[in-house]
Amino acid sequence: MEATIEFFKRIVDNLNGIGFPFLVFFIGILEVIFGLYKNKWPKNERWVDISCFIVPRLIVQPAVAYYTLHFLPLIFGEAKNIFSWVPFFWGFIIIAVADDLTQYWYHRLHHQLPWLWRFHRTHHSASYMGMAMASRQNLIYTIFFSQIYLTAALVYLGLGIPAIAVRVIKSTITTLAHSSIPWDKPLYKYRILNPIAWVLERLISTPATHHAHHAATTDDGVGHYKGNFGNMFFLWDVIFGTALISRKYPSAYGISHYEGDQWTAQLLWPIFKSKVGGSELAPDGPMVRIDDDYEALARRNKKKTPEAEPQLNVIPSLSNN
């Protein structure tokens, strides 16, 4: 058992060093070489993706870690390394569950509460999927992201190694789930691999399940932006009834009414506002925009009246679930 844990630690150390950046770089190169963005990566969206990938890693996360590790000793001076006795395995399990479960609800609430949706909207506005999408978020959303504070606090409390291990493994899974490379397709295609697929797609996020969350519509039985909220563990969606497993990929991604909000607005709303009229990020924009073409939406939803409620890229509030 100790040999297995030591081997696992070495893998984590490599990933936490140059391994994960190399993995991200390699996936990104593959996506560009094989044209997997399908020419849907205009200059404005490139700036959004690149800014969201670089700024949190070079500014937000280091700043949070620095100030957290300098602030905690002032409040909990005697708590430093208090949990250093916890074995690596149990520390990893406890942190993985606590970290990912809280993120599941943080993510889900940004789809369910209209006033939070605008902070998460940047993650869904792109009409493509790719490795860069894993970090495509409004910076305000990122700053209030509990995981970066949790990791820093756990390092202070003596659980630094399992905390970093969880971060590395989780980052790898979420990057691969957002990637435009459909690495899970062979698991569905070959019958001998189907049992592995059945377990894997219910345990962690895969391209098929997470791409469904980024779909532009739910009408094809594949898109499911009203669920599939899991980040590292898809198991939360299975447990809380928000899972849809189709083993298929959506035909379109993004938000139906997205008209290319400026990258500054997508990165730092509400500090910078969009110049696109009617956008949720515009100065007088709605919290959640409802499509104007009710007749088209009614036909899409197979309803006869134009008063039919349109399908939005958010799900109803918790009270309606």
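This is a predicted model: local features need pLDDT of at least 70, side-chain atom pairs count only at pLDDT 80 or more; totals for chains, interfaces and linings use all residues.
**Stop 1: R121 and E280**

Select R121 and E280. Their side chains form a salt bridge, at 2.7 Å from N to O. The pair links distant parts of the chain, 159 residues apart. R121 sits in the loop between helix 4 (114–120) and helix 5 (139–143). E280 sits in the loop between helix 12 (263–268) and helix 13 (294–300).

Are these two residues buried or exposed? R121 is buried, with a relative accessible area of 1%. E280 is buried too, at 1% relative accessibility. Both count as buried because the cut-off is under 20%.

**Stop 2**

Now select E201. Its relative accessible area is 2%, so E201 is buried. The side chains of E201 and R202 meet in a salt bridge of 3.0 Å, N to O. R202 is partly exposed, with a relative accessible area of 24%.

Where do the two partners lie? E201 is in helix 9 (residues 194–203), while R247 is in the loop between helix 11 (235–240) and helix 12. The pair therefore ties together parts that are 46 residues apart in sequence. R247 counts as partly exposed, at 30% relative accessibility.

**Stop 3: E45, D49 and R136**

Finish by selecting E45, D49 and R136. Salt bridges with shared partners join these residues into one network.

Terms used:
Residues are numbered from 1 along each chain as its sequence is written. Side-chain values use heavy atoms; hydrogens and water are left out. A salt bridge is a side-chain nitrogen of Lys or Arg within 4 Å of a carboxyl oxygen of Asp or Glu. Helices (H or I, at least four residues) and strands (E, at least two) are DSSP runs, numbered from the N terminus. Buried means under 20% relative accessible area, exposed over 50%, partly exposed in between (1.4 Å probe, protein chains only).
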